[in-house]
Amino acid sequence: MSVMGSPAIYPHKTLIARSFGRAATAYDALAKLQGASALELIERLPDDLDAPWVLDLGAGTGRGAFALELALPGAKVVALDLAEGMMRHAFNQGLKTCLVGDAESLPLADGVFDVVFSNMAIQWCASPLDVFRESFRVLKPGGQMFFTTFGPQTLVELRDAWKDVDEAVHVNPFFSVADLNEAIEGAGFCGSEVFSRRHHLEYPDVMTLMRELKGIGASNQMPGRAGYLTGKGRFLKMMAAYPVIEGPLGPMILATFDVVIGSFYRPKSDCR
Ligand SMILES: C[S@@+](CC[C@H](N)C(=O)[O-])C[C@H]1O[C@@H](n2cnc3c(N)ncnc32)[C@H](O)[C@@H]1O
């Protein structure tokens, strides 16, 4: 495992790295949607994909990287993550090449990879344009990128419930398909296919949802977050504003997860 680059360019990145690092051992059991999404993205890889070198951006515990190694026999899969705790965990699980680094400023040479894969990590980055520019740079001409991320409707119920309480940022903002497409094109990629699909997950109550988000390290770490202002009274007010529905086993809540899926390639010359 190597620690390379300078992950802490922005102060909030240090918080993101710390939060995910702490979550490393509990993450896989809790992050079921992320796990299913990684497998779906791998299933979408073309059957004839020839990819000796694959980069997994924001690889987390390495579960996607292990699945990539199985799906692409012979491929060298390099896992990279901002959180040292995640990369240490992946390395201890047996993943050979784990780098600590920032997807927006990759500590990697130009034109090395055949595939850049990224499952549910780009939403944590400050600029999708920087992520895609860097991915373009490290891909070989003709190389392909496959990603998923969360879109703007993610946790819309939670965001709306907090709006009844105060103006602070309680849910991280997410990039729209239009933002992502603009960044993909701006980075120079061609053949972009980006679409989104909504999932409505059931939870017994808001506390269970909040505990899951905290458990996977995905609590709000953005500038402008509520921080210490989130006292018990505010929290109870937010819970009272969250819509409860009648489920087969009694009252429950729904949480929307807007999953954006995309693929494109670095052209050998210009896009045609
Ligand atoms: C929701 S987890 C997804 C992990 C994994 N890809 C999966 O499929 O389960 C998001 C990961 O992105 C990482 N991350 C956040 N910002 C990053 C950045 N700027 N560069 C690299 N990794 C980043 C986090 O540390 C975390 O491990």
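View 1. A quick note on the model: it is predicted, so local features need pLDDT of at least 70 and side-chain atom pairs pLDDT 80 or more, while totals for chains, interfaces and linings use all residues. Residues are numbered from 1 along each chain as its sequence is written, and side-chain values use heavy atoms, leaving out hydrogens and water.

**View 2. The disulfide of Cys190 and Cys271.** A search of the whole structure turns up one disulfide (a pair of cysteine sulfur atoms within 2.5 Å). Here Cys190 is joined to Cys271, S to S 1.6 Å. The torsion about the S-S bond is about -95°, so this disulfide is left-handed. Cys190 is buried at 3% relative accessibility, whereas Cys271, at 45%, is partly exposed (between 20% and 50%).

**View 3. Around the ligand.** Of the 19 residues around the ligand (a heavy atom within 4 Å), Tyr27, Gly58, Asp81, Asp102 and Asn119 come nearest. A polar side-chain atom of Asp81 lies 2.6 Å from a ligand oxygen, and an N or O atom in the side chain of Tyr27 is 2.8 Å from an oxygen of the ligand. A polar backbone atom of Leu82 is 3.2 Å from a ligand nitrogen.

Conventions:
A polar contact is a pair of N or O atoms within 3.5 Å; within protein, one must be able to donate a hydrogen and the other to accept it, and residues adjacent in sequence count only if both atoms are side-chain atoms. Buried means under 20% relative accessible area, exposed over 50%, partly exposed in between (1.4 Å probe, protein chains only).
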